[in-house]
Amino acid sequence: MDPLVEVRGAVKRYPGVTALGGVSLKVYEGEVVALIGENGAGKSTLMKILGGLVRPDEGEILIDDRQVTIDSVSRATELGIALIHQELNTLDNLDVAGNIYLGREPTRFGLMDRAKMRVDATALLARIGLPISVDTSLQDLSLAQKQMVEIAKALSLNARVLIMDEPTSSLTFTETEQLLKIVQELRTKGVGIVYISHRLGEVKGIADRVVAMRDGQNAGELSKEEVTHESMVRLMVGRDLDRVAARENVAGADRLVVRNLRTSRYPNQKVSFEVKAGEILCFAGLVGAGRSEAVQAIFGTDPRLEGDVLLDGASIAKERPVDSIQSGICLVPEDRRQVGLIVEWSVKTNITLPGLKKFSRAGLIDRKSETAAATAQSKSFNVKTGNMDVIVSTLSGGNQQKVVVGKWMMQDPKVLIMDEPTRGVDVGAKAEIYELMRRLTSQGVAILMVSSDMEEVLGVSDRVAVMHEGAITGVLLRRDCSEEGIMRLAVGKGQEA
Amino acid sequence: MKGLLRKETGIFILLVVVCAATAMKSHEFLGVENLQNTSRLIGMYGIFSIGVGLVIITGGIDLSVGSMFALLGVLLAMLLNRKENDWPWPLGWLDNRYWPWPVAVLSIIGLGSLLGTFHGFLITRVKLQPFIVTLCGLLFYRGMARYIAGDETKGFQDAKGFEALQNFVTGNVWGFPMTFVLLIVISVIMWIVLHRSVYGRHLFAVGRNEEAARFSGINTKRVIASTYILSGFFAGFAAILIAFYTNSVAPSSHGNFYELYAIAAAVLGGCSLRGGEGSIVGILLGTILLQVLQNLVNLLGIPSSLNYAVMGAVILLGVLADQLLANRRSAKNAT
């Protein structure tokens, strides 16, 4: 059988770097090819070439064994290739049908033919099994549902090859399952799917074949039988990674104590918990359980309706971020690019931003000591850039996250809150961030982590507090944790024996 | 930062070209008298443009300064010149009171800062949009100026008691007009504040990404409000210089469009209306270019009715060239 799409020896050079150094890829009808690799391995560039967003310097693309040139997104669409980006491209102010047919609305007498649009869109939703009305406004949908709308849109373009770039990175466990089910259905209908993900558990579950990339090259392939966590990691990083070792229970003093915290999202629920010095407490739960709101209310970026936050027994009365930072509570926010960093700025100015006062006299910045401190900091965190003046947006997700962590390390935190610390971060950088967390806890820092990545919840935390609709439904010690136990608490069924 | 430098270089070249062309066409351009008068104007416009520029760097806008000049100018004339002292209700209690000029000057600058504080309050605490708040200011202050002045032109004529002030602001230092000297002093101070201080870094952070700045522990509301206060402060300062320069204040036309000169100067000088970009040097160059253009229209005998058309065209060309260069740069990076 001929492949639907074949890429042969694709080369793409950017000034100073070779993003792709001769990569090949085949996608057959009715198969799910998982494309894995660390951030910066060239996966996205390869997909952009197929999607018509980037043109290769060398190499050829064949569709049904005929050589083609894909020089625009519309050409890719004509050829039956649809690309679903990591960041969703839906419009919240339109309804489902409007989103699916955006830019190619059916018309009648020059006016939009709403009726036809609704009928066609309804058929599409039925095909992917999404039980919502086509009149629903996108802003009322969950992230997973929005993702499905994107898939419906791709199908409406008669896509034969569907490329999905980290579709589950912002989805919850159940939403992920729902999405994977649809991917499987599409496969049985003969669609070729390229599935890019950092979540190896997912890949293992769904892929018919795994293609690994490393440094812009093919790093190897695994058939369905060969796929294991270890074999994939080995291909991606070229070495074995040790997993986070389980630790004995931490028996430090209470560092952060939160009592009766009420947030604006769930004003009727009160949250109380404590984190010991040197402990990693993880907030698990579904997206929308109020975890981010709770940690942001502690940090001061979300309003705190009621409740006390005590650090080493002393109450923090004011609730502005600046007060939290001064007393030693720092937050690595969920949305790295929007609020964690000023991505248009350099590594140096980002790292020093919260603590500029340390490098200033009479309000004026001492630029030498600023540079020296930032350089030392980013070296100790292994940010892969030779130059402190590199713009953050050009770094990979993992390096960006290290810059965020590094920026807070400058503040000598006593409590570090990390909201989804490894989202969109590749395996290698993930391991480094875990290593960092371990280093911090050994120095007595208390870490409060919010995570939706089950592997991370089970692998990194000392204790797990599960939240459901604004309330903590259970706190588990690590040795008592299981995926099922956490899920049960996360959907609010209470702790059962 | 490098891109910014290039932006300033671009407008600097444009300025040199315009100056050279004007100088070739008109011998008066480089005459002492013309240079003095142009730099006097540059001084006045530059001072309030810096204030407006700071607001723009945080991603805001201040449309109110032109009308502030009318209101503050009318007040200044009425406070200092007892012949003009005919206050309407409810300000009748000010009739025939003697205001020493230092008190009057401080009051005017204070009132400018106060109005700026009010703008900042409405924008950061009540969360109104800067455009709306300062647009209402533009209308309201103009109206108040006309009402307080009884729609009559107020001036200083030959009134006595404030000659020291008058001579100071309209005088020269070693041949340089005082307004120009003041602008240089203010620019140096504001350059340090904007480009070397913690406050300045915070200003750029807030303008570039307000949320990220807030998550980094910056009191973004305070930073934003402070720029409106500074803009009001510099507007009050400039109001005094402008009032003495024109020597009479016609409340319905005094300072008309001046807010747009400030915005144009800032944008020409590389400030982005989206915030997060800009420099004192750029704002200065923008101000100078606008005044040279005005001067060019006068000197070259271009009908003065075309005045605004010439300026509009040049600003458009400047911004267009900049955008084309930016597009080219990003295209180069993308492929």
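Two residues are taken to be in contact if their C-beta atoms, placed from the backbone, lie within 7 Å. On that basis the contact between the chains takes 21 residues from chain A and 16 residues from chain B. The model is a predicted one, in which local features need pLDDT of at least 70, side-chain atom pairs count only at pLDDT 80 or more, and totals for chains, interfaces and linings use all residues. Residues are numbered from 1 along each chain as its sequence is written, while chains are lettered from A and ligands numbered from 1 in the order in which they are written.

On the side of chain B that touches chain A, helix 7 (178-196), helix 8 (198-208) and helix 9 (210-215) of chain B each supply at least two residues. Helices here are DSSP runs of H or I with at least four residues, strands are runs of E with at least two, and both are numbered from the N terminus. Helix 8 of chain B gives the most, at five residues.

Over in chain A, strand 10 (residues 192-196) is mostly covered, with five of its five residues buried. A residue is called buried if 20 or more other C-beta atoms lie within 10 Å of its own, exposed if 12 or fewer, and partly exposed in between, with C-beta atoms placed from the backbone. A:Ile193 and A:Tyr195 point one way from strand 10 of chain A, and A:Gly192, A:Val194 and A:Ile196 the other way. Strand 10 of chain A runs parallel to strand 9 (residues 161-165) of chain A, joined by five bridges, and A:Ile196 is the bridge partner of A:Asp165. Strand 3 (residues 32-36) of chain A also pairs with strand 10 of chain A in the parallel sense, over four bridges, with A:Ala34 opposite A:Tyr195. Pairing requires that DSSP finds at least two bridges between two strands.

Chain A also has an open sheet of four strands in the order 14-13-16-17, with antiparallel pairing. Its edge strands, strand 14 (271-276) and strand 17 (314-315) of chain A, each pair on one side only. Strand 17 of chain A is held to strand 16 (residues 304-311) of chain A by two bridges, and A:Leu311 stands opposite A:Ala314. Helix 9 (residues 291-299) of chain A lies across strands 13 (254-263), 14 and 16 of chain A, at about 115 degrees to strand 13 of chain A. Axes are lines fitted to C-alpha atoms, for helices over the stretch in contact, and angles run from 0 to 180 degrees between N-to-C directions.

Back in chain B, helix 6 (residues 163-170) and helix 10 (residues 220-246) pack at an angle of about 95 degrees, with their axes 10 Å apart. That makes helix 6 of chain B roughly perpendicular to helix 10 of chain B, the label for 65 to 115 degrees. B:Gln166, B:Val169 and B:Thr170 of helix 6 of chain B meet B:Ile240, B:Leu241, B:Phe244 and B:Tyr245 of helix 10 of chain B. These residues divide into five nonpolar, two polar and no charged.

A cis peptide bond, with omega about 5 degrees, joins B:Trp89 and B:Pro90. A:Phe109 has a positive phi of about 50 degrees although it is not a glycine, and A:Phe109 is exposed, with 5 other C-beta atoms within 10 Å.

Definitions and conventions: Angles under 35 degrees count as roughly parallel, over 145 as roughly antiparallel, 65 to 115 as roughly perpendicular and the rest as oblique. Ala, Val, Leu, Ile, Met, Phe, Trp, Tyr, Cys and Pro count as nonpolar, Asp, Glu, Lys and Arg as charged, and the others, Gly among them, as polar.
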